[in-house]
Amino acid sequence: VTMLDLGATECIPCKMMAPILEELKTEYAGVFDVVFTDVWQNPDAGRAHKINLIPTQIFFDADGKELFRHEGFFSKEDILNKWKEFGVGTLPVERGQE
């Protein structure tokens, strides 16, 4: 399963998302994939996914079917809650909740 983040390295909300995406890539490796695509450098990707604004996050199941789409900044907690809604894997316990 994959979360695709379509944004740009120079967009303010995209910059705010960057550290969240890096944390998710590390902490949830093997549970779900996190992919960032810069649509300013690769405008075809934005067109292919018919995005209206950046950042846009698209969640895909293992077969590549779109499960959910969100536009704008998306917090780590909200991303994890969305994965839980889809029953994706056994997610690690958040720090402080052991």
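Helices (H or I, at least four residues) and strands (E, at least two) are DSSP runs, numbered from the N terminus. This is a predicted model, in which local features need pLDDT of at least 70 and side-chain atom pairs count only at pLDDT 80 or more, while totals for chains, interfaces and linings use all residues. Residues are numbered from 1 along each chain as its sequence is written, and side-chain values use heavy atoms, with hydrogens and water left out.

**Exercise 1. State how many helices and strands the protein has, and in which pattern they follow along the sequence.**

Solution. Step one: count the elements. There are three helices and four strands. Step two: read along the sequence. The pattern is β-α-β-α-β-β-α.

**Exercise 2. Work out the strand order of the sheet and find its edge strands.**

Solution. Start with pairing: two strands pair if DSSP finds at least two bridges between them. E1 (residues 2–7) and E2 run parallel, joined by six bridges. E3 and E4 run antiparallel, with five bridges between them. Here Thr 56 stands opposite Glu 71 in E4. Now assemble the sheet. It is open, has four strands in the order E2-E1-E3-E4, and its pairing is mixed. The edge strands, each pairing on one side only, are E2 (33–38) and E4 (66–71). From one strand to the next, the twist averages 15°; axes are lines fitted to C-alpha atoms, for helices over the stretch in contact, and angles run from 0 to 180 degrees between N-to-C directions.

**Exercise 3. Find which strands helix H3 touches.**

Solution. Contact means heavy atoms within 4.5 Å. H3 (residues 76–85) packs on the sheet and touches E1, E3 (56–60) and E4. The direction of H3 makes about 25° with that of E3.

**Exercise 4. Locate the backbone exceptions in the loop between H2 and E3.**

Solution. Begin with the general rule. Most residues other than glycine have a negative phi, and most peptide bonds are trans. Next, look at Pro 55, in the loop between H2 (43–48) and E3. A cis peptide bond joins Ile 54 to Pro 55, with omega about -5°. Then take Lys 50, in the loop between H2 and E3. Lys 50 is not a glycine, yet its phi is positive, about 50°. Is Lys 50 buried or exposed? Buried means under 20% relative accessible area, exposed over 50%, partly exposed in between (1.4 Å probe, protein chains only). Lys 50 has 66% relative accessibility, so it counts as exposed.

**Exercise 5. Classify the ring pairs Phe 32–Trp 83 and Phe 59–Phe 68.**

Solution. Rings of Phe, Tyr and Trp (its six-membered ring) pair if their centres lie within 6.5 Å; planes under 30 degrees apart count as stacked, over 60 as edge-to-face and the rest as tilted. The count comes to eight aromatic pairs. For Phe 32 and Trp 83, the centres are 4.9 Å apart and the planes stand at 25°, so this pair is stacked. The two residues are 51 residues apart: Phe 32 lies in the loop between H1 (12–27) and E2, Trp 83 in H3. Both Phe 32 and Trp 83 are buried. For Phe 59 and Phe 68, the centres are 5.7 Å apart and the planes stand at 65°, so this pair is edge-to-face. Phe 59 is buried, at 0% relative accessible area. Phe 68 is partly exposed, at 22%.
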